[in-house]
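Biologist: I'm new to this one. Can you put it up and take me through it?

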Amino acid sequence: MSHWMTRAASALLGFSLFCGVAYAARPAATPAAAPAYVPPTPLLWKVSGGKGAELYLLGSFHLLKPDDYPLSPDVDQAFAASSRLLFELAPEEMASPALATQMMQAAIRRDGGQLKEELDAETWRRLQAWGAGNSMPVERLVGLKPWFIGLTISLTQMARQGLDPQAGLDRHLMNLAAKAGKPAAGLESASSQISMLDGMNADEQRQLLREALEQVEKGDQQSRRLHDAWRRGDDVTLWRDMASEMKRTYPGLYQRINVDRNDAWLAPLQQRLQDGQGTTLVVVGALHLLGSDGVVEKLRAKGYNVERICSACKGRP
């Protein structure tokens, strides 16, 4: 399936900065009778290192719903066992007002070109229609780069489903860490994340915008499917419909967003697997834990013992 939502969700599962800069209007969800609650079982692995050193690797979904909580007891136990946490971005950077400013500075066109001239007539028509239907006139978008417009469209659509960055797993665990007095740090900076998005070439940006608009017309089935897969801890579906699709369709972007960053994270993660480092809970987008390019397999290849933690998975096919 070649849908923008697949790659938007890939980005949202791979970039925690969206928890801090997503500003799309969030219409109130219509209350509905809820079935018996089944706690989500996010992807979770335990990595054993030197004497007295362990990592828990937890796959995040950066936009969630308030009713996605509480989580599986496995996550609570991993949090309780950990003396510190690691996120893609440090909590103080996520909470910084400067984050939205950085994002907008990167998104503003400075080449003197015109958005309308970049796009084919049908894409321009669809963009005008989307803007009119979302209280965002196209005149407010023409000074922005296509990658940012595409993400704005997708974030708006996700918000209509009740998915909220304020309820994302990163935010949730950052708040718990602060209340518990547990130190938390980041694996990278917001500027590096933004640079990777802004590094998409012109063709990739236009294609992403086109498919974002097409996905609006097709509905939200794909993002719901990915959200449901995350709740189930379904690594097979997440890999097939998210990571594998992105790797096949945009190999260059996949390399920048996923592989290069995973490789850069190995050194700080291995440092925390040395003797006497204690237990660390690492919370990153689920994209980074999947497949042969994921952190899980990269650490296993280096000789560490890695085991999946999923009490609710027992008895599943």
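Biologist: Let's start with Trp147. Is Trp147 buried or exposed?

Modeller: Buried. The relative accessible area of Trp147 is 1%. Keep in mind that this is a predicted model.

Biologist: And Phe148, what is its relative accessibility?

Modeller: It is 5%, so Phe148 counts as buried too.

Biologist: How many aromatic pairs are there?

Modeller: The count comes to 2. In one of them, Phe61 and Trp230 sit 6.0 Å apart, centre to centre. Their planes are 55 degrees apart, and the pair is tilted.

Biologist: Where do Phe61 and Trp230 lie?

Modeller: Phe61 is in the loop between strand 2 (53-60) and helix 3 (73-81). Trp230 belongs to helix 12 (residues 221-232). So the pair ties together parts that are 169 residues apart in sequence.

Biologist: Which angle do the planes of Trp147 and Phe148 make?

Modeller: They stand at 85 degrees, so that pair is edge-to-face. The ring centres are 5.8 Å apart.

Biologist: What lies over the face of Phe79?

Modeller: Lys182 does, at 4.2 Å from the ring centre. Elsewhere, Arg308 has its charged end over the ring of Trp45, 5.3 Å from the centre.

Biologist: How many bridges pair strand 3 with strand 4, and in what sense?

Modeller: There are 3 bridges, in the parallel sense, and strand 3 covers residues 84-87. Leu86 has Ala185 of strand 4 as its bridge partner.

Biologist: Last one, helices. At what angle do helix 13 and helix 14 cross?

Modeller: Roughly 115 degrees, with the axes coming within 5 Å. Helix 13 is residues 235-249 and helix 14 is residues 251-271.

Biologist: Which residues make the contact?

Modeller: Helix 13 brings Trp239, Ala243, Met246, Lys247, Arg248 and Thr249. Helix 14 brings Pro251, Leu253, Tyr254 and Ile257. By class, the contact has 7 nonpolar, 1 polar and 2 charged residues.

Methods: Residues numbered from 1 in each chain as written. Predicted model: local features only at pLDDT ≥ 70, side-chain atom pairs only at ≥ 80, totals over all residues. Heavy atoms only, no water. Pairing = 2+ DSSP bridges. Helix = DSSP H or I, 4+ residues; strand = E, 2+ residues; numbered from the N terminus. Phe/Tyr/Trp six-rings, centres within 6.5 Å; stacked < 30°, edge-to-face > 60°. Buried < 20%, exposed > 50% of the residue type's maximum accessible area, 1.4 Å probe, protein only. Lys NZ or Arg CZ within 6 Å of the ring centre and 35° of its normal. Axes fitted to C-alpha atoms, helices over the stretch in contact; angles between N-to-C directions. Contact = heavy atoms within 4.5 Å. Nonpolar A, V, L, I, M, F, W, Y, C, P; charged D, E, K, R; others polar.
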